[in-house]
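Please keep the structure open while you read.

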Amino acid sequence: MTLHDHLEYLLCLLTLTYLWCVLVSLEEECRMPAHGRRAWKVVPLGLRKLVRVISQPETRRGAQLETLIGLLSLSQT
């Protein structure tokens, strides 16, 4: 693989991760202050949820991880 191929692969992976973080955060409940905007930014909220689910022991994360992976299906996007 050339450097260009590596960069293209990493950019694709970064794009999918960003999209996944946004989709996960839209599923999360977030308090809404009086001004009407979310209290947390979209990407950090999704990233926190992904890290929490992935860092759980394998016996507890199965169903949650399947739900989060299901967000990437074409019917959801």
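The points below go from confidence to helices, then to the core and single residues.

1. **What kind of model this is.** This is a predicted model: local features need pLDDT of at least 70, side-chain atom pairs count only at pLDDT 80 or more, and totals for chains, interfaces and linings use all residues. Residues are numbered from 1 along each chain as its sequence is written, and side-chain values use heavy atoms, with hydrogens and water left out.

2. **Confidence.** pLDDT is the predictor's confidence in each residue, from 0 to 100. The chain has a mean pLDDT of 80, and 91% of its residues reach 70 or more. Among the elements of the chain, α1 has the highest mean (87) and α3 the lowest (79). Where pLDDT is low, the predicted coordinates should not be read in detail.

3. Helices here are DSSP runs (H or I, at least four residues), numbered from the N terminus. The expected span of a helix is 1.5 Å times one less than its number of residues.

4. **Helix α2.** This helix has 13 residues and reaches 19 Å from its first C-alpha to its last, close to the expected 18 Å. Which residues of α2 are buried? They are Leu45, Gly46, Lys49, Leu50 and Val53. These residues lie on the same side of α2, because they cover an arc of only 130° around the axis. That arc is taken from the directions from the helix axis to the C-beta atoms. The cover over the buried residues of α2 includes α1 and α3 (58–70).

5. **The core.** A nonpolar core is a set of buried Ala, Val, Leu, Ile, Met, Phe, Trp, Tyr and Cys residues joined through side-chain atoms within 4.5 Å. The largest one has 8 residues: Trp20, Cys21, Leu23, Val24, Leu50, Val53, Leu68 and Leu71. Two elements give two or more residues to it, α1 (3–27) and α2 (42–54). The largest share, 4 residues, comes from α1. In soluble globular proteins, nonpolar side chains tend to be buried together.

6. **Cys21.** Contact means heavy atoms within 4.5 Å. Leaving out residues up to four places away in sequence, Cys21 touches Val42, Val43, Gly46, Leu47 and Leu50.

7. **Lys49.** Beyond four places in sequence, Lys49 touches Val24 and Glu28.

8. **Ser25.** Ser25 sits in helix α1. It counts as buried because its relative accessibility is 0%. Its side chain reaches the backbone oxygen of Val22 at 2.8 Å.

9. **Cys30.** Look next at the loop between α1 and α2, where Cys30 lies. Cys30 is buried, at 16% relative accessible area. From Cys30 to Glu8 is 22 residues in sequence and 34 Å in space, C-alpha to C-alpha.

10. **Leu71.** The segment after α3 holds Leu71. Its relative accessibility is 10%, so Leu71 counts as buried. Leu71 and Met1 are 70 residues apart along the chain, and their C-alpha atoms are separated by 31 Å.

Technical notes
Buried < 20%, exposed > 50% of the residue type's maximum accessible area, 1.4 Å probe, protein only. Polar contact = N/O pair within 3.5 Å; in protein donor to acceptor, adjacent residues only side chain to side chain.
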